[in-house]
Amino acid sequence: MPPEKIEIFKSMKDWAEKNLLVHLKPVENCWQPQDFLPDAASDGFEEQVRELGVRAREIPDDYFISLVGSMITEEALPTYQTKLNPMDGLRDETASSLTPWAIWIKAWTAEENRHGDLLNKYLYLSGRVDMKQIEKMIQYLIGAGMDSQTENNAYLTFIYTSFQERVTSISHGSTGRLAKAHGDMKLAQICSTIASDEKRYEAAYTKIMDKLFVIDPDGAVLALADMMRKRITMPSHLMYDGCDDSIYSHLSAVVQRLGVYTAKDYADVLEFLVGRWKVKNLTGLSAEGRRAQDCVCCLVPKIRMLEEKASERAKEAPTIPFSWIYDRQVKL
Ligand SMILES: [Fe+2]
């Protein structure tokens with residue numbers, strides 16, 4: 001990132017202290033995975049596990065494909081901290097640095113860490129999925145990292161995280177509603193609890209961009225247009241299960257068909273962010289900035305047209321085996 005942009009983040013330290021860190025919760029006020037799971041130290045443990053398994057038996061396989069996809073994305077958390085931590089303007093030099101950016105990165109990671117733990121333990125107890133296969137996938141994914149195309153650039157990164165946190169809030173929320181429809185209220189509660197955390201992180205990341213759109217509208221709109229041109233992909237897009245080279249696109253197809261996260265959601269998120277950051281009304285932009293502004297403002301209808309074509313194609317989709325559920329077949 002150019003030195004003048006790095007300076008912007010340094011100059012935002014006091015702002016971040018007051019406006020960003022308020023979106024973290026003290027550990028003592030946070031839920032923990034154990035709050036939602038059978039307690040192995042209690043007398044009723046076996047019975048509670050049996051009940052969890054009975055509820056899970058009523059849920060179809062394609063739902064579990066989607067839930068495993070969400071869990072694997074959460075479990076690749078080391079990658080996300082690796083991505084944020086060394087970034088120009090935000091860098092945590094010692095891993096215990098007390099700048100607000102460094103505090104945020106560590107505490108956000110610590111909060112997020114509960115999501116993968118909870119979903120992992122739930123899935124293990126459900127007895128519906130091949131845990132060894134899933135554990136291999138997590139190892140493959142953390143080993144592969146991610147390519148968010150945000151480079152070493154905090155503007156691009158915060159566009160990405162704003163977008164991504166809203167997406168995860170939507171997808172965990174949809175997963176919760178589907179669990180409810182399948183009669184599993186406890187799983188629904190797990191998913192909606194995670195979704196509301198993601199909503200809080202969305203509020204934090206979009207607020208950083210709110211500020212950048214005020215201080216440096218040109219830089220902010222160029223970053224938004226750049227990320228939209230590259231198209232934002234899920235952070236787990238390098239996933240591999242050891243046998244299916246197209247596992248990520250197969251997962252995406254199932255997630256789209258179930259309505260957990262769809263092309264419509266992608267367009268909705270962009271529309272929301274463009275409105276939130278008042279992109280249409282930005283003034284004082286350079287010629288390049290105005291081109292970026294026009295490009296971003298025209299994008300939503302284009303994405304909606306592509307979305308219609310994608311849902312037509314989905315109707316003719318094949319059925320394939322997924323290793324995560326012992327190679328049982330699921331329609332894409
Ligand atoms: Fe999360």
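The accessible surface of the chain comes to about 15,300 Å², and carbon and sulfur atoms account for 54% of it (Shrake-Rupley method, 1.4 Å probe; for residues, only the protein chains shown count as cover). This is a predicted model, in which local features need pLDDT of at least 70, side-chain atom pairs count only at pLDDT 80 or more, and totals for chains, interfaces and linings use all residues. Residues are numbered from 1 along each chain as its sequence is written, and side-chain values use heavy atoms, with hydrogens and water left out.

User: Which protein donors does the iron ion have?

Analyst: Donors are N, O and S atoms within 2.8 Å of the metal (3.2 Å for Na, K and Ca); water is not among the atoms, so sites may look incomplete. Here they are Glu74 (OE), Glu74 (OE), Glu112 (OE), His115 (ND1) and Glu198 (OE), at 1.9 to 2.4 Å from the iron ion. Histidine 115 lies in helix α6 (residues 100-126) and glutamate 198 in helix α9 (residues 185-215), 83 residues apart; helices are DSSP runs of H or I, at least four residues, strands are E runs of at least two, and both are numbered from the N terminus.

User: Are histidine 115 and glutamate 198 buried or exposed?

Analyst: Buried means under 20% relative accessible area, exposed over 50%, and partly exposed in between (1.4 Å probe, protein chains only). Both histidine 115 and glutamate 198 are buried. Glutamate 135, by contrast, is partly exposed at 43%, and its place is in helix α7 (residues 131-144).

User: How many helices and strands are in the chain?

Analyst: The chain has 13 helices and two strands.
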